[in-house]
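Here's a quick briefing on a single protein chain. Have a look at the fold first, then work through the points below.

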Amino acid sequence: MASQVKNGKAFEYALIFELFERLKVLTKVSIKQSESYKTAKGFFYNFNEEQQDSFRMAASTSINFLLDVEPRLSKNLDNEDILVLEIVNDQIGQTGDVRDVLMIRSKQKWEIGISAKNNHRAVKHSRLSHKINFGEKWLGITCSKAYFDDVTPVFDMLSTLKAKDRLTKWTSIDNMHEVVYVPILNAFRKELLRLDKENPSIVARNLVQYLIGNKDFYKVIKGDNKVEIQAYNIHGTLNLPFKGIKPKAKISKLKLPTRLIEVVYQENSKTTLLVSLNEGWQISFRIHNASSRVEPSLKFDINLVSAPHTLFANHIFISR
């Protein structure tokens with residue numbers, strides 16, 4: 001398993017461990033002993049003590065902030081109002097919910113979640129192939145026949161290469177960027193613009209919701225000596241008061257885009273498209289081969305380049 005996944009899982013465990021330790025003296029709290037929790041715990045304890053301390057320090061720092069902006073974490077209605085902490089099964093992410101750690105109060109019909117990131121900021125890793133209808137999967141609007149007519153010859157060529165020799169490397173394809181990446185990106189660009197033109201206001205909104213998730217959440221990004229906390233408050237379910245107790249900081253609702261402005265290649269790049277939308281959103285789509293051997297599919301590394309000024313972000317530096 002890739003080290004990025006191991007680090008991410010260990011950080012999820014550190015968050016749930018620190019949440020429990022901090023909250024058990026303030027409210028009734030329990031941890032759901034799921035397979036996901038046990039897996040994350042196993043990864044955490046595979047790291048040495050210094051690395052464990054680093055995960056816990058970042059988790060503890062972010063929880064200090066969350067307790068300030070989410071009074072319901074520490075405030076219960078009565079003894080039956082138990083806060084349940086849970087690490088989410090990875091399969092849930094495929095339904096558009098990007099949260100890794102959940103904090104749930106069933107009695108209050110309230111929950112918030114955290115997307116935990118360890119030293120990386122990618123929002124999605126989505127695939128393209130001659131079988132994948134990205135329009136339907138991402139936007140709820142099917143791709144045209146013209147799009148599949150454009151991409152199928154490239155993916156068929158890759159299938160043929162793989163069928164001849166399963167060990168064929170991508171590096172064996174002459175001018176791979178021009179032969180593979182550019183035609184696929186051109187087809188993707190043309191189709192995205194077509195879908196937007198035929199479905200004004202829908203595509204821009206659905207694209208961002210697909211990428212950042214369909215539930216409100218906090219993204220906690222652990223760096224080497226700092227933690228960044230972003231609040232994706234699309235539906236207004238974050239930062240709620242508890243009875244008369246108000247949060248110590250205000251988190252605005254996040255504005256989704258309504259227009260796709262342009263789709264252009266990043267300067268001096270044959271692998272990356274920049275998608276600009278209104279309300280201050282810009283997203284980069286970098287295409288790459290997921291393994292060293294040829295296969296008839298490609299992967300996008302999708303990153304948020306810029307977000308609206310209404311995206312709440314807090315940077316906390318950690319002293320060692």
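Contact here means heavy atoms within 4.5 Å. With that in hand, 66% of the contacts in the protein chain between residues at least 6 apart in sequence join residues at least 24 apart. Bear in mind that this is a predicted model, where local features need pLDDT of at least 70, side-chain atom pairs count only at pLDDT 80 or more, and totals for chains, interfaces and linings use all residues. Residues are numbered from 1 along each chain as its sequence is written, and side-chain values use heavy atoms, with hydrogens and water left out.

**Overall build**

- The protein chain has seven helices and 12 strands, taken as DSSP runs numbered from the N terminus (helices: H or I, at least four residues; strands: E, at least two).
- Its C-alpha trace spans about 65 × 45 × 35 Å along the principal axes.
- Buried residues make up 52% of the 320 in the protein chain; buried means under 20% relative accessible area, exposed over 50%, and partly exposed in between (1.4 Å probe, protein chains only).

**Nonpolar cores**

- A nonpolar core is a set of buried Ala, Val, Leu, Ile, Met, Phe, Trp, Tyr and Cys residues joined through side-chain atoms within 4.5 Å.
- The largest one has 51 residues, and Trp138 and Phe285 have the most contacts inside it.
- Elements giving two or more residues to this core include helix H4 (134-139), helix H5 (145-164), strand S8 (260-265) and strand S10 (282-288).
- H6 is the top contributor to this core, with nine residues.
- There's also a second, separate core of 41 residues, with Leu19, Leu73, Trp110 and Val227 among them.
- Leaving aside neighbours within four places in sequence, Phe285 touches residues including Trp138, Phe188, Leu207, Leu211 and Phe300 by the contact cut-off.

- Ser74 sits in the loop between helix H3 (49-69) and strand S2 (83-87), and it counts as buried because its relative accessibility is 14%.
- Setting aside neighbours within four places in sequence, Ser74 is in contact with Leu23, Leu26, Thr27, Leu67 and Arg105.
- Gln52 is in helix H3 and is buried too, with a relative accessible area of 13%.
- Beyond its neighbours within four places in sequence, Gln52 is in contact with Phe44, Tyr45 and Phe47.
- The C-alpha atoms of Gln52 and Asn233 are separated by 30 Å, with the two residues 181 apart along the chain.
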